[in-house]
Amino acid sequence: MRVVVVTLLLLCCTSADAQTAPLALAGEVTQGQNYSLSIQILVLMTLLTLLPAIVLSTSAFIRIIIVLSILRQALGTAQTPPNQVLLGIALFLTFFVMSPVIGEINQTAAQPYINGDMSANEAFSAGVEPLRQFMLSQTRESDLQLFVSIAGATNIDSIEQIPLSIIVPSFMVSELKTAFQIGFLIFIPFLVIDLVVSSVLMSMGMMMLSPMLISLPFKIMLFVLVDGWALLLGTLASSFYT
C-alpha cells in the first residue's frame with residue numbers, strides 16, 4: 001500500500017512544480033539518508049510499472065469498468081464501443097471521482113513534503129489517510145469482517161486499527177458486488193426488449209431470424225432516447241459520494 005501513496009505523492013509533486021522534481025526525487029528516506037538520483041529514478045520507474053495494478057485495486061476504476069463492460073454486453077454491440085474507448089472513459093471518470101482524494105493528499109502530504117515541512121514517513125502517514133477513508137466509505141462491513149476473520153486479527157477494537165492489508169481486499173470485493181448490482185439493473189430493460197422481440201418473431205414463425213439482429217436497433221434507440229451515457233456516467237460518479 002505504501003506504493004500507492006508514494007506514487008500519488010510523486011505525481012502531486014510533479015504537477016505542483018516541474019522544476020522542483022529533482023528536489024522531490026532527492027527526498028529523505030526512513031534512515032535519514034539520501035539515495036542517489038539514478039537509484040531514485042529507478043525506483044520511480046518501478047512504481048510507474050505498478051501503477052495499473054494500483055489504480056485497479058485502490059480506486060473507483062473497478063466499479064466503473066465492470067459496469068461499462070456489462071452495459072456493452074447488455075446492448076449486444078460486441079466490440080462497440082471498443083476496449084480502448086471503455087478504458088479511456090473509465091480512467092478519466094476514475095480521475096474525476098478520485099480528484100478530491102488526490103487533492104487532499106497533495107494538500108496534506110505532498111506540498112508539506114516538497115516544502116521540507118514533513119519527513120517521508122510523516123508524508124506517507126498523512127497521505128495514506130484520505131485514500132484509507134475513501135476505501136472504507138465504499139467497503140461493506142461484512143466484507144471487512146470476512147477478511148478480518150481470515151487474517152485472524154483478534155486485536156482489532158475499532159475501524160481505525162484495521163490495517164491496509166485488510167482494507168484493500170475488502171474494498172475490492174465490495175466494489176465487485178456493487179458493480180454487479182448496478183449491472184443487473186442495467187441489464188433488465190434490454191433483456192425485456194430481447195424477450196419481446198423473440199416472442200414476436202416466434203409468433204410470426206420467423207424462427208430462423210436472429211432476435212439479436214432485430215432487437216439491437218431498438219436497444220440502441222432506447223439507450224439514446226433516455227440519454228443513457230450521461231445518465232449512466234453521472235450515476236456512477238455520484239454513487240461514490242452518496
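Lysine 219 is buried in this predicted model, with a relative accessible area of 0%. Its side chain forms a salt bridge with aspartate 194, the closest N and O atoms being 3.3 Å apart. The pair links distant parts of the chain, since lysine 219 belongs to helix 9 (residues 211-225) and aspartate 194 to helix 8, 25 residues apart. Aspartate 194 has a relative accessible area of 17% and therefore falls within the buried class, for which the limit is under 20%.

The count of salt bridges comes to 3. Another of these joins the side chains of arginine 63 and glutamate 175, at 2.6 Å from N to O. Arginine 63 lies in helix 4 (residues 61-75) and glutamate 175 in helix 8, so the contact ties together parts that are 112 residues apart in sequence. Both partners are buried: arginine 63 has a relative accessible area of 3%, and glutamate 175 has 0%.

A salt bridge is also formed by aspartate 143 and lysine 177, with 2.8 Å between the closest N and O atoms. Aspartate 143 lies in helix 7 (residues 141-151) and lysine 177 in helix 8, so this pair ties together parts 34 residues apart in sequence. Aspartate 143 is buried at 2% relative accessibility, whereas lysine 177 is partly exposed at 36%.

On the surface, a nonpolar patch is formed by Phe184, Leu185, Ile188, Val192, Val196, Val200, Met204 and Met206, which together have about 740 Å² of accessible area. Isoleucine 188, one of these residues, is found in helix 8 (residues 164-203). The relative accessibility of isoleucine 188 is 36%, so this residue counts as partly exposed.

Definitions and conventions:
Residues numbered from 1 in each chain as written. Predicted model: local features only at pLDDT ≥ 70, side-chain atom pairs only at ≥ 80, totals over all residues. Heavy atoms only, no water. Patch = residues over 30% accessible without salt bridge, like charges linked within 9 Å, V, L, I, M, F, W, Y side chains within 5 Å. Areas by Shrake-Rupley, 256 points an atom, 1.4 Å probe, with all protein chains shown as cover. Salt bridge = Lys/Arg side-chain N within 4 Å of Asp/Glu carboxyl O. Helix = DSSP H or I, 4+ residues; strand = E, 2+ residues; numbered from the N terminus. Buried < 20%, exposed > 50% of the residue type's maximum accessible area, 1.4 Å probe, protein only.
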